Amino acid sequence: MRTSDYDYPLPEDLIARHPLPRREDSRMMVLHRSEESIEHRRFRDFPSFLRAGDLVVLNDTRVIPARVFSDDGKIELLFLEIVRENVWKCLVKPGRKMRIGAAVQVGGVPGVVEKILPDGERVIAFAGFIDLDALGELPLPPYFARAVEAADADRYQTVYARERGAVAAPTAGLHFTPEILASIPHAFVTLHVGVGTFRPVQVEDLTQHRMHAERFRVSEESARAINTARRIVAVGTTTARVLESQGLPIAAGEGSTDIFIHPPYQPRAIGALLTNFHLPKSTLLMLISAFAGREFILRAYAEAIRERYRFYSYGDCMLIL
């Protein structure tokens, strides 16, 4: 129940800052929970681990080009979500220049800070439409430590991304190709990944941590498929949060979840999980530890480091069975 229990040392050179040439060539560490055994495969082997009655559930959110600079270049804005017409919740840098009433202009459209929220986000009312597709760029994770490149426009999206609204990719899905996806039984849910996915846990006692809320949607078709499957194979921690926030049977519709999954939580909906390798002391590492056990996960991470797996968004993946 301590944040420090989820720390591990990661060599800087194992952070994957660029994708592999082919999505399906990522390595895949397979964890068998019942025996606490580990095997090393490639993602293209993923379909061979499915069994009759399985359903693979994926998050079809699409990353928006949410990172924008003011017209004078002095303010960096991350457009998080629409509050109402032409009014956005944003992260801004530097914050000291964006007090209540401060003015900013983006793409020739003036805006004014209406409110500062407790976590530092600004509510900014703009005088007109902000065309993020024309003005913005993809908000790559800070650990990439590089500028956006042309290839990111394709590779920092899943091949099935369709519902616009995320500021970070559901990265476990980045390994799928159209061919692999077409070969397996699958369904989609939508959860728009927010900036909270990068926020560190700032308390040592996990019971004091408050998770960020994220909106999700489950279609009638997906709910039927999920509720009739023998086993749910969740692709990514975002999909896991949607499913675990309701349990089974899952209901169709829209909602919001701030579920914080960590040991000793017992999963209620998912039977297997595909995920990438996560940052030390992150809520995502805690989530997969609830699914497979903290000691087993940390042992697997130590082996991944010895075997020189690639970590984080553009890195390799782990299949927990």
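Helices, in runs of at least four residues, and strands, in runs of at least two, are taken from DSSP and numbered from the N terminus.

**Figure 1. Overall fold of the protein chain in the predicted model**. Seven helices and 17 strands make up the secondary structure of the protein chain. The radius of gyration is 20 Å, close to the 20 Å that the globule rule gives for 321 residues, so the protein chain is as compact as a globular protein of that length. The C-alpha trace spans about 60 × 45 × 40 Å along its principal axes, and 54% of the 321 residues count as buried. Of the contacts between residues at least 6 apart in sequence, 69% join residues at least 24 apart.

**Figure 2. The hairpin of strand 6 and strand 7**. Strand 6 (residues 76-84) runs antiparallel to strand 7, to which seven bridges join it, and Leu-78 stands opposite Leu-91 in strand 7. Two residues lie between the strands of this hairpin, and Asn-86 in the turn has a positive phi of about 65°.

**Figure 3. Strand 7 and its pairing with strand 10**. Strand 7 also pairs in the antiparallel sense with strand 10 (residues 122-126), here over four bridges, and Trp-88 stands opposite Ile-124 in strand 10. Five of the seven residues of strand 7 (residues 87-93) are buried, so this strand is largely enclosed by the rest of the structure.

Key: Residues numbered from 1 in each chain as written. Predicted model: local features only at pLDDT ≥ 70, side-chain atom pairs only at ≥ 80, totals over all residues. Heavy atoms only, no water. Rg over C-alpha atoms; globule rule 2.2 N^0.38 Å. Buried < 20%, exposed > 50% of the residue type's maximum accessible area, 1.4 Å probe, protein only. Contact = heavy atoms within 4.5 Å. Pairing = 2+ DSSP bridges.
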